[in-house]
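The tour goes from one selection to the next and says what is found at each stop.

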Amino acid sequence: MDRLGRWFGRSKNPPAEEPSTTENPEVEVAAPLASGVGENHQEPPREASPPAVPNEAAPATNASGGLRGIWEATRRLALTPVDPFFEKMAEGLNRTRQNLVGQVVDLFRSHGKIDEELWEDLEAILLTADVGVGATDRILEALRGSVHEKKLREPSELLDELREVMGRILGADNPQAGALKVEKGRVNVVLLVGVNGTGKTTTTAKLAHHYQKQGFKVLLAAADTFRAAAIDQLQVWADRLGVDLVRHREGSDPAAVVYDAIAAAQARGVDLVLVDTAGRLHSKANLMEELKKIRRVSGKDLPDAPHEVLLVLDATTGQNALEQARVFHQATELTGLVLCKLDGTARGGIIVAIAQEFQIPVKYIGVGEGLEDLQPFIPQQFLEALFEQPSEVGEESRGGQKEPAGKASEGSGS
Ligand SMILES: Nc1nc2c(ncn2[C@@H]2O[C@H](COP(=O)(O)OP(=O)(O)OP(=O)(O)O)[C@@H](O)[C@H]2O)c(=O)[nH]1
Ligand SMILES: [Mg+2]
């Protein structure tokens, strides 16, 4: 049965917004930490562990599990997902999936035919899910066109059409999606900018980790000299990652930090300089001027620098993110966006609004507080995770069981 059929083949409503993690050891281990990992990151978050496959054999010892337990464990082993990051992203998108695709599916299920009322309800769902006015209009127009051209009669037939048009908006056919313009063997400079608290420092650390794994020699620049403890926060990450950090005193000129960081990188054979800047309100002209200066200075000794200027956005702020992108882009010519905190928000539709509005690509998405919780934004993969029938997210790794969310399967062991 195709995906659409799977959504519509279910007799009940889609499961609650936090599908089962209890029966899936991989997901449990990889879940974001609770609040303790805060501001100063004194205890940086734990990383996701590899799938805990051996534990899956536990059902065999369970009286009620017996042969069934062994059978399920074997099936799970055979179907262990190739990509734990996909699982993580799909898990992070639970609430958005429920709020957006789940609601649309409910609508299509409850409507007998495609009529004006259906279009109005669909519009309301898309707008509430932060897809934005421009993208919503485009989606509705495309769907109406499909109904006309393909002579669609059943509301359920619209789901694949919706996915397709969202794919077009998100640039699903762009092979460059998600990639930063960085190359090993030269000094690449990446600036991370954004308003307060969006996730810049955490993203700096996550990117460092991501590129370290690819063999890049990384250096961090503590260009947030404004917020008390910001430098130490980055130092904690640098120590943990085992990378150099260039830092000045609190209150010093951030552009000077960047200048020194680039000089140090050139001297030490560093491939990638990640610059963590201070949170700044886009409405404060002087702070935006400071950003322009940082940008200018970074290109002084290194003509192509900065190679990337990434605006870090907080997905939970919804439409506000659009205004931030607009103003930061005017000030600093952004090359990419990072959308953080997509986990735990139902407002992930904002990514569609952003893609519709700007030519600036979303390069990474943040789906948690841990180092592994940053993923290149690959539209096809994102849509796959979003449109996956809820109980199927992680289901393959659970051997295709159909129990409702949160209900541990019999014989799943403990
Ligand atoms: N759930 C979740 N939390 C995140 C994500 N990214 C960052 N955070 C959390 O958001 C909080 C703020 O992150 P920071 O990286 O300090 O944000 P910042 O933009 O550097 O903040 P300022 O320097 O004060 O402007 C921290 O508690 C992070 O752990 C994410 O993708 N998901
Ligand atoms: Mg910060």
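**Stop 1: the ligand**

Select ligand 1 and the residues around it: by class, this shell has three nonpolar, eleven polar and seven charged residues. Keep in mind throughout that the model is predicted. The shell is made up of 21 residues, and the closest are Lys200, Thr201, Thr202, Asp343 and Glu369. Now colour helix 9, residues 200–213, which supplies four residues, the largest share of the shell.

Next, show the oxygen atoms of ligand 1. One oxygen atom is 3.1 Å from a polar backbone atom of threonine 198. At glycine 368, a polar backbone atom lies 3.2 Å from an oxygen atom of the ligand. Glutamate 369 takes part through its side chain, with a polar atom 2.8 Å from an oxygen atom of ligand 1. How much of ligand 1 does the protein bury? Taken alone, ligand 1 exposes 650 Å², and the protein buries 88% of that.

**Stop 2: salt bridges**

Side chains of opposite charge can pair when their charged atoms come close. The count for this model comes to 19 salt bridges. A few of them follow.

Select arginine 247 and aspartate 232, which form a salt bridge with their closest N and O atoms 3.2 Å apart. Arginine 247 sits in the loop between strand 3 (244–246) and helix 11 (254–268), while aspartate 232 belongs to helix 10 (residues 230–241), so the pair ties together parts that are 15 residues apart in sequence. Are these two residues buried or partly exposed? Arginine 247 is partly exposed, at 37% relative accessibility, and aspartate 232 is partly exposed too, at 41%.

Move to arginine 280 and glutamate 290. In this salt bridge the closest N and O atoms are 2.8 Å apart. Arginine 280 is in the loop between strand 4 (272–277) and helix 12 (285–298), and glutamate 290 is in helix 12, so the bridge ties together parts ten residues apart in sequence. Arginine 280 counts as buried, with 1% relative accessibility, whereas glutamate 290 counts as partly exposed, with 28%.

Then select glutamate 308 and lysine 363, whose side chains meet in a salt bridge at 3.2 Å, N to O. How many residues apart are glutamate 308 and lysine 363? They are 55 residues apart, so that distant parts of the chain are linked: glutamate 308 is in strand 5 (residues 308–314) and lysine 363 in strand 7 (residues 362–366). Glutamate 308 is buried at 0% relative accessibility, and lysine 363 is buried at 7%.

To end this stop, select Glu323, Arg326 and Glu357, which are linked in a network of salt bridges.

**Stop 3**

Select strand 6, residues 336–340, where five of the five residues are buried. In a regular strand the side chains alternate between the two faces of the sheet. Show the side chains here: Gly336, Val338 and Cys340 point one way from strand 6, and Leu337 and Leu339 point the other way.

Strands 5 and 6 run parallel and are joined by five bridges. To find one place where they pair, pick leucine 311, whose bridge partner in strand 6 is leucine 337.

**Stop 4: aspartate 130 and its surroundings**

Go to aspartate 130, in the loop between helix 6 (116–128) and helix 7 (133–150). Aspartate 130 is buried, with a relative accessible area of 5%. Its side chain is joined to that of arginine 347 by a polar contact of 2.6 Å.

Alanine 353 and aspartate 130 are 223 residues apart in sequence, but their C-alpha atoms are 7.1 Å apart in space.

**Stop 5: backbone angles**

Stay on aspartate 130 to begin with: its phi is positive, about 70 degrees, although it is not a glycine. Alanine 229 also has a positive phi, near 80 degrees. Look for alanine 229 in the loop between strand 2 (218–223) and helix 10. Alanine 229 is partly exposed, with a relative accessible area of 27%.

Last, select alanine 305 and proline 306. What kind of peptide bond joins them? The bond is cis, with omega about -5 degrees. Proline 306 lies in the loop between helix 12 and strand 5.

Terms used:
Residues numbered from 1 in each chain as written. Chains lettered and ligands numbered in written order. Heavy atoms only, no water. Near = heavy atom within 4 Å. Polar contact = N/O pair within 3.5 Å; in protein donor to acceptor, adjacent residues only side chain to side chain. Areas by Shrake-Rupley, 256 points an atom, 1.4 Å probe, with all protein chains shown as cover. Helix = DSSP H or I, 4+ residues; strand = E, 2+ residues; numbered from the N terminus. Nonpolar A, V, L, I, M, F, W, Y, C, P; charged D, E, K, R; others polar. Salt bridge = Lys/Arg side-chain N within 4 Å of Asp/Glu carboxyl O. Buried < 20%, exposed > 50% of the residue type's maximum accessible area, 1.4 Å probe, protein only. Pairing = 2+ DSSP bridges.
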